Amino acid sequence: MNFIYDLHRTMMSQKLILVYQGDFTQETTKSILAMAERNIDSSGEDASIKRKVFNVMVESLQNIVKHSDELVDGEIHSHAAIFLIGRENNRYTIMSGNPIRKSNVKGLDEKLQHINSLDKDGLKDLYKEIIKNTTISEKGGAGLGFVDMARKSGGKLEFEFPEMSADYCFFCLKVNVPRELE
Amino acid sequence: MEILNLEGAEDTPKIILDQKNGIFEISGRSLPEDSAEFYRPVLEWIAKYGASPNPSTEFVFKLEYFNTASSKLILDVLSSLEDIKGMKIMWYFHEDDEDMEEAGQEFSELVEIPFEFKTY
């Protein structure tokens, strides 16, 4: 049962305050938000930082609910994704990982790179451009989630697509929210 | 005209639209799973109200938090208010919530309605 201790030590060394793996729905989203909020409240965090973290969490969780691809591998059908929050001295990190079909990687990669190429005003312009012209998709998204995360973070979105199988990659996203106010 | 009264929940805002008593308010948190479905009755109510509105309307937004899917629907709500005469938006934000203040400013740049900003 060493893996229990190993997992515990990893969580401690990575300063993780919450890890959830499994199916993601609106109900799990609400539960995770409530748990994380209680944790952040009890740490006496500044309200405006808490709001930014909450904001990034919501977009990240709802992205998984709406966009995570179902993994189909022979008999196996899985929606399993992972969500993590870390708290270091100087920042919160909101991290997620979910399966994505390889055919969807290129488009997502380009979108994220474009967002990362923009500065504060560029992100604001992109946000206004999208909100003016978008319609809510069948999946219920407005296409604004990553732009909003980048704005609330004030930093670059970190992402990777490690290969899972012939058909799938695992989309890993890390968003930092500084604990010091500008 | 019928009153639209939606109790708030942990992921949906409290909404009161009451023509007779002049109360028009959306407050709390908005992160529903299906924002288009959630705001549909609001948009339908406003469409009816627009046919015979009060001489002046103060429409209050007092939001603590909203997700991006809701932000699109909030813009739809604002757009539906745009053509109603005597319309004014009261945009409340917590005094240390710069993001909510900025969100209100951005909305005010996207529609042709006077906005008044207030802290709570």
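**Note on the predicted complex of chains A and B**

1. Helix α3(B) has 13 residues and reaches 19 Å from its first C-alpha to its last, close to the 18 Å expected at 1.5 Å a residue. The expected span of a helix is here 1.5 Å times one less than its number of residues, and the elements themselves are DSSP runs numbered from the N terminus, with helices (H or I) of at least four residues and strands (E) of at least two.

2. This is a predicted model, in which local features need a pLDDT of at least 70 and side-chain atom pairs count only at pLDDT 80 or more, whereas totals for chains, interfaces and linings use all residues. Residues are numbered from 1 along each chain as its sequence is written, while chains are lettered from A and ligands numbered from 1 in the order in which they are written.

3. On confidence, where pLDDT is the predictor's confidence in each residue on a scale from 0 to 100, chain B has a mean of 96, with 100% of its residues at 70 or more. Chain A averages 92, and 99% of its residues score at least 70. For the complex, the predictor gives an ipTM of 0.91 and a pTM of 0.92.

4. Chain B contains 3 helices and 6 strands, which follow one another from the N terminus as β-β-β-α-β-α-β-α-β. Its C-alpha trace spans about 35 × 30 × 25 Å along the principal axes.

5. Chain A has 6 helices and 7 strands, in the order α-β-α-α-β-β-β-β-α-α-α-β-β from the N terminus. Its C-alpha atoms fill a box of roughly 55 × 45 × 30 Å along the principal axes, and its radius of gyration of 17 Å agrees with the value near 16 Å that a compact globule of 182 residues would have.

6. Burial is counted from C-beta atoms placed from the backbone: a residue is buried if 20 or more other C-beta atoms lie within 10 Å of its own, exposed if 12 or fewer, and partly exposed in between. Buried residues make up 32% of the 120 residues in chain B and 28% of the 182 residues in chain A.

7. Returning to α3(B), its buried residues are B:M100, B:G104 and B:F107. They lie on the same side of the helix, because they cover an arc of only 60° around the axis, the arc being that of the directions from the helix axis to the C-beta atoms. Among the elements that cover these residues are β4 (57–66), α2, β5 (87–93) and β6 (115–119) of chain B.

8. Helix α2(B) has 10 of its 14 residues buried, so it is largely enclosed by the rest of the structure; the buried set includes B:T68, B:K72, B:D76 and B:L81. Its end C-alpha atoms are 20 Å apart, in agreement with the 20 Å that 14 residues should span.

9. As for the interface, where two residues are in contact if their C-beta atoms, placed from the backbone, lie within 7 Å, the contact takes 20 residues from chain B and 21 residues from chain A. On the side of chain B that touches chain A, α1 (35–51), α2 (68–81) and α3 (98–110) of chain B each supply at least two residues, and α2(B) gives the largest share, with 5 residues. The residues on this side divide into 6 nonpolar, 4 polar and 10 charged, with Ala, Val, Leu, Ile, Met, Phe, Trp, Tyr, Cys and Pro taken as nonpolar, Asp, Glu, Lys and Arg as charged, and the others, Gly among them, as polar.

10. Two residues illustrate the contact. B:A69, in helix α2 of chain B, is buried, with 30 other C-beta atoms within 10 Å; leaving aside residues up to four places away in sequence, B:A69 touches A:I136, A:G140, A:G141, A:A142 and B:S35. B:A69 and B:S35 are 34 residues apart along the chain, with their C-alpha atoms separated by 6.1 Å. A:V58, in helix α3 (residues 47–67) of chain A, counts as buried with 27 C-beta neighbours inside 10 Å, and under the same exclusion A:V58 touches A:L33, B:L31 and B:N67.

Note on methods
The radius of gyration is taken over C-alpha atoms; the globule rule is 2.2 Å times the number of residues to the power 0.38.
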